[in-house]
Amino acid sequence: EVCDFSLNGRIETGDALAFERFLSNAGYTPYGYDGPDRQTDSPPWMYEPRLCLNSPGGSLEEAAEIATIVHSGYATRIRAGEQCLSACAWIFMLGRTHGGDDLFITNRSMSAYATLGFHSLSFEIPEGEYSNQVLARAIDATNTAFSIILDLAMGETPRNSQFNSPIIRNDLIQLAMSTPHTDFFYIDEVGKALIWDIPVFDIINFDASRTLTPAAEIAACDNAHSSVNYFTEGGGDYFERSSITNAQAFDREVDTERFTLSVNGRNLVQCEGERIVSSLRACVSGSDRQDDGCIGSVLAIFPFSTQLRDIGRGAAQGARLYTELTTTVAPQPPAATCHLEGSQARITNVNEYTNLRSGTGITQPIVTRVPLNARVTQARQGYYFASQRCLQICDSGDQRQIAQCIESNDVWIEVTYNGRRGF
């Protein structure tokens, strides 16, 4: 990762002012700087001035001031072999850059071989005997500094504001505050990076010619669901093998939400489950449905507790695991009787109208009414949603039972009508 400037060493009194003066004198402003990684024909807001951090921490008061500057439009990075601990970690998490006009985009990432650690507050005073007033002022100063960081952390950026989620999630803050100041809570696992929206570089390359195995599909869906729940060690085992398929149907109960894993704009696997995943934040541009939730990283195919450094570029263990989780054999679609033909359909077999619902199930809210003979367009070409029972009936080819499944509202198709989307 190319860095425009770096913050190295312990954060001491006066560093925030020095940092501000440096940026001003050097011309490193969030807007319009012709940096080394900016294309000459790009508009000014496309530039992302990058601050690389390598610090064991230090003064939280100074860190809060530096974080405020960073929050105004600077990307943050932690390079391989470097660390960002304690007060430094909060600066890192608040990295963001301009996305045009007054828009901001969360912009932080770390190497798989970097160290990022959080812990509870500590008070920076030399050893000695102090009056209660002096101690109270030190505590107040620390608390005030952290309140500044919390205020910045609760702000939203376009990357996550559509999901009503803060820049730094509450559960990470809670875990940091429950970790003794003599210890650290490290971001060292795949699940932690995904949950808290921390992109990781220096990892093994994704090979587009390979296909995900069932184990990788399950890991991706488990990670997706873990990402919208409060952190638990090891994540959650939400899916069984029968839950996932690359075919044209989903083998879950119909009254559910979906998740899409997309890497480099290529949709790899879609999941259903009982937990709502529409608030998932870790998305990438170019995915078909960001509002359905997506994880735009090859990280997602690895089990939740996989150590980041084990899948770093050049790590033999990660290369072996990636080979186990992918295959060169293309998945074969099942020989199911049920399938969808064409991209459009006409509403029939109703008296006056049918309801377009926001989800798969007759208890889901109604989006609008679609009148008899109206034409609708498939939102997801070839995909339909059915219960486990009806999927098995489709495989059996029993036309009478298939008709019963449709009649009993156990099969749903996502469509668009007059600009509205639903089932």
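Visitor: Which residue forms a disulfide with C3, their sulfur atoms 1.5 Å apart?
Guide: Welcome! A disulfide here is a pair of cysteine sulfur atoms within 2.5 Å. The sulfur atoms of this pair are 1.5 Å apart, and the partner of C3 is C52.

Visitor: What kind of model is this, and how are residues numbered?
Guide: This is a predicted model, where local features need pLDDT of at least 70, side-chain atom pairs count only at pLDDT 80 or more, and totals for chains, interfaces and linings use all residues. Side-chain values use heavy atoms, leaving out hydrogens and water, and along each chain, as its sequence is written, residues are numbered from 1.

Visitor: How many residues apart are C3 and C52?
Guide: The disulfide of C3 and C52 links distant parts of the chain. C3 lies in the segment before β1 (5–8), and C52 is in strand β2 (residues 50–54). Strands (E, at least two residues) and helices (H or I, at least four) are DSSP runs, numbered from the N terminus. The separation of C3 and C52 is 49 residues.

Visitor: Is the disulfide of C84 and C88 left-handed or right-handed, and why?
Guide: The sulfur atoms of C84 and C88 are 2.1 Å apart. The torsion about their S-S bond is about -105°, so this disulfide is left-handed.

Visitor: Is C84 buried or exposed?
Guide: Buried means under 20% relative accessible area, exposed over 50%, and partly exposed in between (1.4 Å probe, protein chains only). C84 has a relative accessible area of 0%, so C84 is buried.

Visitor: Are helices α2 and α4 roughly parallel or roughly antiparallel?
Guide: Helix α2 (residues 60–71) and helix α4 (residues 132–153) pack at an angle of about 20°, their axes 8 Å apart. Axes are lines fitted to C-alpha atoms, for helices over the stretch in contact (heavy atoms within 4.5 Å), and angles run from 0 to 180 degrees between N-to-C directions. Angles under 35 degrees count as roughly parallel, over 145 as roughly antiparallel, 65 to 115 as roughly perpendicular and the rest as oblique. The pair α2 and α4 is therefore roughly parallel.

Visitor: Where is C390 found, and which residues is C390 in contact with, leaving aside neighbours within four places in sequence?
Guide: C390 is found in helix α10 (residues 388–396). With a relative accessible area of 2%, C390 is buried. Leaving aside neighbours within four places in sequence, the contacts of C390 are C405 and D410.
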